[in-house]
Amino acid sequence: MSNISLETLKEWSTLGHRNSFGESIILLAKEREDVVVVNADITTTARLVNFEKEFSDRIFNVGIAEQNMIGFTAGLAREGLMPFVVSIAAFAPMRCAEQIRNMLGYMNLNARVVAIEAGCRFGPLGNTHFATDDIALMRAIPNFTVICPADPHAIYKAVFAVAEHKGPVHIRLTGAPGFPLLYPDDFEFEIGKAIEYRPGKDVAIITTGSVLWEGIRAAEILEKKGISVRVIDMHTVKPIDVTMLDSVFAENKLIVTVEEHSIIGGLGSAVAEYKAGFEKAPKQIMCGLGDSFRKIGNYEFQMKDNGLVGEDIAEKAEKALDLS
Amino acid sequence: MENDKLINQIRDKTELMRRDSIEMGYAAGGQGAHFGPALSCMDIVATLFFGVMHHDPKNPEMPDRDRFVMSKGHACLAYYAALIETGYIPRDMIPQFKGNNSILCGHPSMNVQYGIEVSTGSLGSGLPIACGMAMAAKHKGEAHKVYCIVGDGECNEGIIWEAAFNAAKYKLDNLIVIVDINSFQLSGTTSDVMPINLDALWHAAGWDVSCIDDGNDVAEVLQKITEAKNAAGGKPHVILTKTTKGKGISFMENNLKFHATPINEEQYQHAIADLNAAEKKRRE
C-alpha cells in the first residue's frame, strides 16, 4: 500500500524524478533508522536538501570524489547501515564503475546506487554528462539488481522495495520535470516482476524507465490503426522477468523494446539474450540509442533525434509488423 | 616487564607467520606470491593481531571487535598468516593458497567466517571502506577502532587522498592507518616511480601524523600504534612506518624481483634456513 496522496504524486510529477526520489527517501528514512544517504557534492542538485534538514546526521557529503564515495558507502553498508548513494548517472555508476564492481558487487553489500539524470535529459551539457550505457555496465556486475522506475509513484515504490531487498541495487532515474504520472492509483511493485500496463495481442512494447510514456503513446497510435498492442513496464531489467517474456513469446507476434539507453547491453539486449534460447519466438526490434555519441540538444530534441517518441516507435513497429 | 613479555610473544608469532607465508607462497608453485610486500608489513600485522586489536577468532562477527582492513591486499600472505596463527583459518589450508576454489585468494576476498573483513586488492580500495566502517562506528556510537594498512606505492592512487580528506572532514579519530613504507613498488623504487612527500601530504590532508623508524621492530610498532589507539583529538591517525621490503629472507630484502614471483625449491630451502638462523640467533 502506498501512503502517499494523489496530490503529492502530481506535484512530484511536475517537479521530476530528482524530487520524487528526494522526497521518497525522507519517507523511507522516517520508517527505517538504518537508512543513510551519501553523495558527492550534489545535495542541492539531487534535491536532498529536505533530507538534510530532517536528518542532518544521516547524510554524508564526501566532496567531489565519486570513487571514495563508493568505498565509504561500502564501509557503511558492511557495518549494517543501508546507504543510498546518490549521483548523476554519468558519475555513478559510470565514473566509479570499478569501485561499484569490487566494493558493492563483489561483497554483495546492501547498498543502493541511485543514478539521477540517466538517459538523454542532460543533452545540452554534452556527452560527458550523459549516461546511456549504465544499464549495460550494471547488468554485467554479479549480484546487482537493476531497476528503472517509470514515474514518481514507481520511484516511491522502488525506494521502499529495495529497502527490503538483500544485495546491491542500481536505481536508474530518467525523465524531465513534468514527466507523466503513469500510476496514479496504488499498484503492485515487486522487484523482478514486470507490470502489464495494458493488454494486447499483436505487438508487445516492452519498456523500462520513464520512456514507458512513449511506449503507451505508440500503443495508442497503433491501436487507432487496428493493431492490438500490449505494453509492458519492465521496471527491473535485472533480473529480467522471464515469466512475462515467456508469455510475450507465446502470445504476441512482434516485440518492440524501448529504452533511453544504448541498444547495446540494455533492456533490448536482455530480452534478446533470453529469446536466443527459443527456437520459435517473435521478431524483436530495438528502439534505443545507437552506437554513437549524441548530438547536443535538449531532451525533446534527443528523444526525437534518437527515434524514442511514440510516433517513431509506432512507425517502426508498423513497418516490422508488415514485413513479418 | 609485562610489556617485554608481550613484545616477545608477538615476536614469536612473527616467526611463525613468516614461515606460514613462505609455505603458502611456495605452495602456489609457478603462480608465485607477493613475498616482498607481505614480509615488509609482517611485524605490523602481527602486532595488531597479537598486541593491539580486540578480537575473538571463535566469534568473528563479535560486534565490538576492532576491524582490520588490508588495503594493500596483495600483501595477503601476512594477513592470512595472522589469521592462521590466531585460529580463524585452519593451518591445513596453507597448501590451498591460490588453489582452485580456495578461500585463500591471491587478494583477500571477504569471508567473515575466516576473519577476512572485506575484499581488497585493487589498490586504494581498502582505505575508503575503512573510512566508511569508522564512520558507521561513530554513527552508531560504537567504541571499537578500525585499523588499516596502506602501502606506500598505493598512495599513488587518487582514491587514497579522496578518502584521506573525507576521514579528516568527519573527524574519524577511531581510524588508525599504518602506511607500510618499504620504498618499492611494482616497477621500481617509490622515489623513482612517483616521488611524493607522504609526510607533507598526510599532514596537509588534516591527519594526526606519527612515524615509526623501524617498522620491523615490534617494540616500536607496538608503542606507536598503542599511542595512536589511545589518542582521540578529532583527527584520524596515520603512522608512517619505514620497513624493509622482503624483511627476514636475505635474498628477498630490498630486492624488487621478489615483489611478486614464484620461488623454486632451492630458494624455498634458503628461505627456511634464513628463518631457522634468525630464530636460533634470537634465542641465544
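These legends accompany close-up views of a predicted model.

**View 1. Chain A as a whole.**
Twelve helices and twelve strands make up the secondary structure of chain A. Its radius of gyration is 19 Å, close to the 20 Å that the globule rule gives for 324 residues, so chain A is as compact as a globular protein of that length. The C-alpha trace of chain A spans about 60 × 40 × 40 Å along its principal axes. Of the 324 residues in chain A, 56% are buried. Consider contacts in chain A between residues at least 6 apart in sequence: 79% of them join residues at least 24 apart.

**View 2. The two domains of chain A.**
Domain 1 of chain A covers 6-172, and domain 2 covers 195-323. The centres of the two domains, taken over C-alpha atoms, are 26 Å apart. Domain 1 of chain A brings 23 residues to the contact, and domain 2 of chain A brings 29 residues. On the side of domain 1 that touches domain 2, α6 (134-139) and β5 (145-147) of chain A each supply at least two residues. By class, that side of domain 1 has twelve nonpolar, six polar and five charged residues.

**View 3. Where chain A meets chain B.**
The contact joins 20 residues of chain A to 19 residues of chain B. On the chain A side, α4 (66-78) and α5 (97-105) each supply at least two residues. The largest share of this side comes from α4(A), with nine residues. Sorted by class, the side of chain A that touches chain B has nine nonpolar, eight polar and three charged residues.

**View 4. The largest nonpolar core.**
This core has 187 residues, and those with the most contacts inside it are A:I205, B:V45 and B:A78. Helix α2 (residues 35-52) of chain B gives the largest share, twelve residues. Domain 1 (6-172) and domain 2 (195-323) of chain A both give residues to the core, so it lies between them. Now focus on A:I205. Leaving aside neighbours within four places in sequence, A:I205 is in contact with A:G215, A:A218, A:A219, A:V229, A:V231, A:V256, A:V258 and A:I313.

**View 5**
Strand β1 (residues 35-39) of chain A is mostly covered, with five of its five residues buried. A:V35, A:V37 and A:N39 point one way from β1(A). A:V36 and A:V38 point the other way, and they too are buried. β1(A) runs parallel to β3(A), and five bridges join the two. Within that pairing, A:V36 has A:P83 of β3(A) as its bridge partner. β1(A) also pairs with strand β2 (residues 59-61) of chain A, in the parallel sense over three bridges. Here A:N39 is bridged to A:N61 of β2(A).

**View 6. Two cis peptide bonds in chain A.**
Most peptide bonds are trans. The bond that joins A:A92 and A:P93 is cis, with omega about 15°. A:P93 sits in the loop between β3 (82-88) and α5 of chain A. A cis peptide bond also runs from A:K238 to A:P239, with omega near -5°. A:P239 is placed in the loop between β10 (236-238) and α9 (242-251) of chain A.

**View 7. Two asparagines of chain B with positive phi.**
Most residues other than glycine have a negative phi. B:N101 is not a glycine, yet its phi is positive, about 60°. The loop between α3 (76-86) and α4 (126-140) of chain B holds B:N101. With 5 other C-beta atoms within 10 Å, B:N101 is exposed, because a residue with 12 or fewer is classed that way. B:N254 also has a positive phi, near 50°. B:N254 lies in the loop between β7 (237-242) and α9 (265-283) of chain B. B:N254 has 15 other C-beta atoms within 10 Å and is partly exposed.

**View 8. B:L201 in helix α7 of chain B.**
Helix α7 (residues 198-204) of chain B contains B:L201. B:L201 counts as partly exposed, with 16 C-beta neighbours inside 10 Å. B:L201 and B:A164 are 37 residues apart in sequence. In space, B:L201 and B:A164 are 9.6 Å apart, C-alpha to C-alpha.

Methods. Residues numbered from 1 in each chain as written. Chains lettered and ligands numbered in written order. Predicted model: local features only at pLDDT ≥ 70, side-chain atom pairs only at ≥ 80, totals over all residues. Contact = placed C-beta atoms within 7 Å. Helix = DSSP H or I, 4+ residues; strand = E, 2+ residues; numbered from the N terminus. Nonpolar A, V, L, I, M, F, W, Y, C, P; charged D, E, K, R; others polar. Domains from an automatic or database assignment. Buried ≥ 20, exposed ≤ 12 C-beta atoms within 10 Å, placed from the backbone. Core = buried A, V, L, I, M, F, W, Y, C linked by C-beta atoms within 7 Å. Rg over C-alpha atoms; globule rule 2.2 N^0.38 Å. Pairing = 2+ DSSP bridges.
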